[in-house]
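My notes are below the structure.

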Amino acid sequence: MKTNSKYLGLVTKKFNDFFLVDLKNQENSANSQKFLCKVKKSINFKDQLIYVGDEVTIEKIDFKTKRAIITSLKKRKNLLVRPSVANISNIYVTFSVEEPELNLSQVNRFLISAESIGVEVSLVLTKCDLISDKKRSYLLDKFQKWGYQAITLNLQKSDCFKNLLAELKQKKCSIFMGPSGVGKTTLLNMIIPGLQNSTSPVSNKIKRGKNTTRNVELFSMSNQSYIVDTPGFNMQPLEVDIKLLPNLYSEIYKQVIEEGIKCKFRNCLHLNDEGCNLNKTFERYSFYKEMIESSKSHYYQNQED
Ligand SMILES: Nc1nc2c(ncn2[C@@H]2O[C@H](COP(=O)(O)OP(=O)(O)OP(=O)(O)O)[C@@H](O)[C@H]2O)c(=O)[nH]1
Ligand SMILES: [Mg+2]
Ligand SMILES: [Zn+2]
């Protein structure tokens, strides 16, 4: 059975020139219909690529072979570049407290690049069964000072993610991102009934993840709510405008916006600038300074090119 009507769809997976598209606005998302689609040849979306999370119009739907053609791309709200996902409402930066071991500078890079998208950012710490309660409280306290109420999980206890699950059901499109091996897919498998995506133990010697998840893929919890699993990667490239960086650190944002401190220069980057009034005695200041300095050298290099 073929139809010429247009339907609204959501891209849930992408491989080469093909896209897996869920029909949107279906009453029963448990039986959601997925269609394998290509983009209509004559269409050029102004050189824009289509990403997982994009809303598209599909036509020429064949309900028997589950094929269709993408004929238009809806305007997107945002786009995360690495991993590439469109229209995210929430980012859950996910790290394990051990195996692989927690690297604070890396946590910070992931948090800041997540903040630059302008959506709500949360921090999830997995594998809390591998540390003492004392260490867990120490970490909670640390991240509280960074401006995050970290969610700590021990996935060996199946009730530990009850609150997280309730939270995720309220959000439109949440994405789990973080290094390989921290347990992103394990968490999704526990949250989404019937999902059995591959996971694998971290390597024995260096305790690194094995890059088990290879594709960005969006899974539905209900027809209002989706979760995205992403491949882990260990370095987060930072492509944030240097002028925006100060506002992405809550310790700086609070002083400037809430307490109204004033530096002599309006565009003060809060380094050792003359007339800077920022209180710099917070833990992440050294990370901030490093980030500004490396963006600055990039900035000047690009100016010279
Ligand atoms: N001890 C312990 N191990 C866990 C926990 N959560 C996940 N793991 C283990 O961590 C390993 C890696 O988990 P994955 O879910 O494959 O990790 P991932 O983040 O999806 O990794 P990539 O797909 O490579 O990005 C698996 O062997 C899991 O069983 C936890 O809370 N405690
Ligand atoms: Mg995975
Ligand atoms: Zn300043």
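The entries start with the domains and then turn to the salt bridges.

**Entry 1: domains.** I noted that the model is predicted. I looked up the domain assignment, which divides the chain into domain 1 (2–76), domain 2 (80–229) and domain 3 (245–304). I then took the C-alpha centres of domain 1 and domain 2 and found them 28 Å apart.

**Entry 2: interface of domains 1 and 2.** I listed the contacts and got 15 residues of domain 1 against twelve residues of domain 2. For the size, I looked up the area buried between domain 1 and domain 2, which is about 1,200 Å². Carbon and sulfur atoms give 53% of that area.

Entry 3: I looked up Glu 217 and Lys 13, which form a salt bridge with the closest N and O atoms 3.4 Å apart. I also checked polar contacts across the interface of domain 1 and domain 2, and the rule finds four residue pairs, both residues at pLDDT 80 or more. On the side of domain 1 that touches domain 2, strand β2 (residues 7–15) gives the most, with five residues. By class, I recorded seven charged, four polar and four nonpolar residues on that side of domain 1.

**Entry 4: salt bridges overall.** I took the count by the rule, which comes to eight salt bridges.

**Entry 5: Asp 54 and Arg 76.** The closest N and O atoms of this salt bridge are 2.7 Å apart. I placed Asp 54 in the loop between β4 (34–39) and β5 (55–62), and Arg 76 in the loop between β6 (67–73) and β7 (79–80). The pair is 22 residues apart and links distant parts of the chain. Are Asp 54 and Arg 76 buried or exposed? I found both buried.

**Entry 6: Lys 145 and Asp 141.** I read 3.3 Å between the closest N and O atoms of this salt bridge. Both residues lie in helix α2 (residues 133–146), four residues apart, which is about one turn of the helix. Lys 145 counts as exposed because its relative accessibility is 58%. Asp 141 has a relative accessible area of 42%, so I wrote it down as partly exposed.

**Entry 7: Lys 264 and Glu 274.** The salt bridge between them has its closest N and O atoms 2.8 Å apart. I found Lys 264 and Glu 274 in the loop between α6 (250–258) and α7 (285–304), ten residues apart. I noted both Lys 264 and Glu 274 as exposed.

Technical notes. Residues are numbered from 1 along each chain as its sequence is written. Chains are lettered from A and ligands numbered from 1 in the order in which they are written. This is a predicted model: local features need pLDDT of at least 70, side-chain atom pairs count only at pLDDT 80 or more; totals for chains, interfaces and linings use all residues. Side-chain values use heavy atoms; hydrogens and water are left out. Domain bounds come from an automatic or database domain assignment. Contact means heavy atoms within 4.5 Å. Buried area is the accessible area (1.4 Å probe) that two parts lose on being put together, summed over both. A salt bridge is a side-chain nitrogen of Lys or Arg within 4 Å of a carboxyl oxygen of Asp or Glu. A polar contact is a pair of N or O atoms within 3.5 Å; within protein, one must be able to donate a hydrogen and the other to accept it, and residues adjacent in sequence count only if both atoms are side-chain atoms. Helices (H or I, at least four residues) and strands (E, at least two) are DSSP runs, numbered from the N terminus. Ala, Val, Leu, Ile, Met, Phe, Trp, Tyr, Cys and Pro count as nonpolar, Asp, Glu, Lys and Arg as charged, and the others, Gly among them, as polar. Buried means under 20% relative accessible area, exposed over 50%, partly exposed in between (1.4 Å probe, protein chains only).
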